[in-house]
Amino acid sequence: MLTAFFSILFAFALGQGQNTDAPKLPFTDPGVCPFECCQYGEWTARASYRVHTASSIGASVAFAIHPGEKVQALTGFVITRKAGIVIVRKETRFYDVTVPAGATLYVLHPSGEGVALFWYNGATHSGEVYAESVHKGNATYPWDVLSVPETEWWVKVKNQHGALGWILNPRGF
């Protein structure tokens with residue numbers, strides 16, 4: 001337990017991007033729709049949005065979307081600015097990988113219903129890590145979530161007039 005604590009402390013002291021076990025950040029996952037039942041296609045706005053000319057917070061506004069307006073969500077991507085940290089307390093099998101006790105998982109972004117994309121041993125994996133909030137593990141989920149990821153989700157949309165642009169974190173559709 002103390003060894004895992006010091007390995008995390010060391011990783012933070014170096015900065016996650018410099019730790020050879022950690023993913024290089026920012027990490028971009030193209031084409032992903034990051035929550036349960038998320039899909040691109042026709043969306044109807046439930047809130048107002050400013051649509052940017054590029055996938056950047058500093059980009060100018062191309063047009064606005066108003067509640068009730070339909071747009072085509074064409075594609076998107078998630079950028080992980082800071083990975084979440086999970087410490088595995090008991091050997092655990094996730095979908096495609098078995099992770100030993102004491103291992104560190106770097107959570108990149110949620111995928112829905114407790115599933116997340118995470119980095120382990122130099123590669124991405126998916127699994128039910130339930131890393132939406134910081135918490136201690138239990139008998140069913142034997143890992144501690146020390147931090148959650150910091151992400152941006154950008155979606156490219158086309159309005160009914162054919163104008164294209166990007167929306168940041170479009171949860172109101």
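**Notebook: cysteines, rings and cores**

I began with the sulfurs: Cys33 and Cys38 form a disulfide, with their sulfur atoms 1.7 Å apart (a disulfide is a pair of cysteine sulfur atoms within 2.5 Å). This is a predicted model, in which local features need pLDDT of at least 70 and side-chain atom pairs count only at pLDDT 80 or more, while totals for chains, interfaces and linings use all residues. Residues are numbered from 1 along each chain as its sequence is written, and side-chain values use heavy atoms, with hydrogens and water left out.

**Entry: the cysteines.** The structure holds one disulfide. Cys33 and Cys38 are both buried (buried is under 20% relative accessible area, exposed over 50%, partly exposed in between, with a 1.4 Å probe and protein chains only). Cys37 is in no disulfide, and the nearest cysteine sulfur, that of Cys38, is 9.2 Å away. Cys37 has 68% relative accessibility, so I noted it as exposed.

**Entry: the rings.** I found eleven aromatic pairs in the structure (rings of Phe, Tyr and Trp, the last by its six-membered ring, pair if their centres lie within 6.5 Å; planes under 30 degrees apart count as stacked, over 60 as edge-to-face and the rest as tilted). One of them is Trp43 with Phe173, a tilted pair at 5.1 Å centre to centre and 45° between the planes. Trp43 sits in strand S2 (residues 41-44) and Phe173 in the segment after strand S14 (164-168), 130 residues apart (strands are DSSP runs of E, at least two residues, and helices runs of H or I, at least four, numbered from the N terminus). Tyr49 and Phe173 have ring centres 5.0 Å apart and planes at 15°, so I logged this pair as stacked. Tyr49 and Phe173 are both buried. Phe35, Tyr40, Trp43, Tyr49, Trp153 and Phe173 form one aromatic cluster.

**Entry: the cores.** Phe173 came up again in the largest nonpolar core, which has 17 residues; Trp43, Ile65, Trp153, Val157, Ile167 and Phe173 touch the most other members (a nonpolar core is a set of buried Ala, Val, Leu, Ile, Met, Phe, Trp, Tyr and Cys residues joined through side-chain atoms within 4.5 Å). A second, separate core of 15 residues includes Val88, Ala103, Leu105 and Val107.

**Entry: a strand pair.** Strand S6 (residues 84-88) pairs with S12 in the antiparallel sense over four bridges (two strands pair if DSSP finds at least two bridges between them). Ile87 stands opposite Asp144 in S12.
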